[in-house]
Amino acid sequence: MVGYSGRVTDPGHPPKPRILDVGCGIHKQPAAIGIDRNPASRADVLCDLDYFPYPFADNSFDRLLAIHVIEHVADVIATMEEFHRLVRPGGTVRIETPHYTDFSSFCDPTHRSHLNSFSFRYFGDDHGGFGYYTKARFREISIRVKLLSFWKWLGFEFLVNRFPRYRRFWEHYLCFVVRGKAMYFEFEVVKSSCSLSSTG
């Protein structure tokens, strides 16, 4: 395991956040540690994202980025649990993925999961009674849905993102006509004192 908990800091400046870019490909985010299984990528560490644990200690990162990655993994819940392990309490996770009604969700044969804007609710308080699937908890900071340009121009994107009840109505009744394009999730990692003591 590689730990990134120790940081040399300038007393006059706050420490830089430790960022993990999961599945970084050739567009690794600046100042991040990149992981990918493809040696042609810009990864700092090569590893298969479907095999756990990733080679880092618990709570190694302040922020984790998974940009168009989650739809490729074999097990979404196990992957989210690994993200939870790697990020410190109060740290953040950014996930970007296609909406399942977009052409791009199904045209790529490497996509294993086709998700909507409620697909990660099992990890939060609003899990609809299905929170027993996992003990990993994330607090939803924000969700933004991008629609196809025509629907954005007509104002549907504003409504979907401004009013949570409208987003639910759109997912249930309208999304196969007013089609989505991409989704952007921001989560805060929530860890109980019990889980911290067990991993410490």
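Two strands pair if DSSP finds at least two bridges between them. Helices here are DSSP runs of H or I with at least four residues, strands are E runs of at least two, and both are numbered from the N terminus. Okay, with that in hand, let's look at the model.

Before we start, some housekeeping. This is a predicted model, so to speak about local features we need pLDDT of at least 70, and side-chain atom pairs count only at pLDDT 80 or more, while totals for chains, interfaces and linings use all residues. Residues are numbered from 1 along each chain as its sequence is written, and side-chain values use heavy atoms, with hydrogens and water left out.

So, the overview. The protein has 6 helices and 7 strands. Of its 200 residues, 43% count as buried. Buried means under 20% relative accessible area, exposed means over 50%, and partly exposed is in between, with a 1.4 Å probe and protein chains only.

Now the sheet. In what order do the 7 strands of the open sheet stand? They go β3-β2-β1-β4-β5-β7-β6, and the pairing is mixed. The edges belong to β3 (45-46) and β6, each with a single partner strand, so one side of each has no neighbour in the sheet.

β2 and β3 pair in the parallel sense over 2 bridges, and D36 stands opposite L46 in β3. β1 and β2 are also paired in the parallel sense, over 3 bridges, with D21 opposite G34 in β2. Have a look at β2 itself, residues 33-36: I33 and I35 point one way, G34 and D36 point the other way, and all are buried. Further along, β4 (residues 61-67) and β5 (residues 87-98) run parallel, joined by 6 bridges. There you can find F61 opposite V87 in β5.

Next, what packs on this sheet? Helix α1, residues 76-86, does, touching β1 (19-22), β4, β5, β6 and β7 (180-190). Contact here means heavy atoms within 4.5 Å. The direction of α1 makes about 145° with that of β5. For these angles, axes are lines fitted to C-alpha atoms, for helices over the stretch in contact, and the angles run from 0 to 180 degrees between N-to-C directions.

How many of the 11 residues of α1 are buried? It's 9, so to say, mostly covered. Among them are V76, M80, F83 and L86. The cover over those buried residues includes β1, β4, β5, β6 and β7. Another helix to find is α5, residues 164-174, which lies across β6 and β7 and runs at about 65° to β6.

Let's zoom in on one residue, S105, in helix α2. Is S105 buried or exposed? It's buried, because its relative accessible area is 1%. Leaving aside neighbours within four places in sequence, S105 is in contact with P98, H99, Y100, H111 and H114. There's also E71: S105 and E71 are 34 residues apart in sequence, but 8.2 Å apart in space, C-alpha to C-alpha.

Between β3 and β4 you'll find P53, and a cis peptide bond joins F52 and P53, with omega about -5°. N59 is in the loop between β3 and β4 too, and its phi is near 60°, a positive value in a residue other than glycine. A31, in the loop between β1 and β2, has a positive phi of about 70° although it is not a glycine. A31 counts as exposed because its relative accessibility is 73%.

Last stop, the surface. F130, Y132 and Y133 make a nonpolar surface patch of about 350 Å². Patches are made of residues with over 30% relative accessible area and no salt bridge, joining like charges within 9 Å and nonpolar side chains (Val, Leu, Ile, Met, Phe, Trp, Tyr) within 5 Å. A salt bridge is a side-chain nitrogen of Lys or Arg within 4 Å of a carboxyl oxygen of Asp or Glu. The areas come from the Shrake-Rupley method with a 1.4 Å probe, and for residues only the protein chains shown count as cover. Y133 sits in the loop between α2 (103-107) and β6 (137-147), and at 43% relative accessibility it counts as partly exposed.
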